[in-house]
Amino acid sequence: MPRRYNKKLQIKLSDLRKLFCRRDLVEEILSGGKDPVIYEVYQISQPPSEGVFSAATTVLYPGKIGDEYYFTKGHFHLKEPRGEVYIGLAGRGLLLLQDRNRKIDKLSLNKGEVAFIPPNYAHRAVNIGDEKMVFLSIYPSDAGHDYEIIEREGFSKIVVGRKGKVALVDNPK
Ligand code: M6P
Ligand code: ZN
């Protein structure tokens, strides 16, 4: 884990209950008394200021709900002209990018790969491997997180593992 961070977030299944497709399975797991950690974010957060970066290391655990792989919540930036860079440090992952018209693009985000998130794209990381997926993100400290649209509408496509294959399919919701 990174040695220097000033804020740690732990996101559990219950924090993502409305986002997974199979809400019935989520509720079944939670009502059985389990609430697994899906990911942790170690932030090196700087006060919001133009031209200053914040950074975060995210550890996204492997797993699925039904056939949908674990993912980060995903967000737009509150300040629209703010981009971001993700750098894969471990594991196998995908980065979903969705524009304001819900058009989706996917980039691979495996160990050693760098992905650029252009301004005005919602972004979500997905762990498609059997091990922890770890990535570093670097973003303007004044970007801000806007979760509202994603919490309401989700991404237009979801990432599933079926018969040993990874596929991007339409979000049935
Ligand atoms: C990356 C960055 C962070 C973000 C984290 C988890 O590290 O984009 O700003 O908080 O991923 O993603 P989310 O906030 O969408 O759950
Ligand atoms: Zn971001």
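**Around ligand 1**

Q: Which atom of ligand 1 is 2.8 Å from an N or O atom in the side chain of histidine 75?

A: An oxygen atom. That makes a polar contact (a pair of N or O atoms within 3.5 Å). This is a predicted model, where local features need pLDDT of at least 70, side-chain atom pairs need 80 or more, and totals for chains, interfaces and linings use all residues. Residues count from 1 along each chain as written, chains are lettered from A and ligands numbered from 1 in written order, and side-chain values use heavy atoms, without hydrogens or water.

Q: What about threonine 58 and tyrosine 86?

A: The threonine 58 side chain has an N or O atom 2.8 Å from an oxygen atom of ligand 1. Tyrosine 86 has a polar side-chain atom at 2.8 Å from a ligand oxygen.

Q: And how much of ligand 1 is buried?

A: The protein buries 98% of the 370 Å² that ligand 1 exposes alone (Shrake-Rupley, 1.4 Å probe).

Q: How many residues surround ligand 1?

A: 15. Each has a heavy atom within 4 Å. The closest are Tyr39, Thr58, Glu84, His145 and Tyr147.

Q: Which strand gives the most to that shell?

A: S12, with three residues. S12 (133–140), S2 (37–44), S3 (53–60) and S7 (84–90) each supply at least two.

Q: New topic. What's the whole fold made of?

A: Two helices and 15 strands (DSSP runs of at least four and two residues). The protein is as compact as a globular protein of 173 residues, because its radius of gyration, 15 Å, is close to the globule rule's 16 Å. That radius uses C-alpha atoms; the rule is 2.2 Å times the residue number to the power 0.38.

Q: What does the C-alpha trace span?

A: About 45 × 35 × 30 Å along its principal axes.

Technical notes. Polar contact = N/O pair within 3.5 Å; in protein donor to acceptor, adjacent residues only side chain to side chain.
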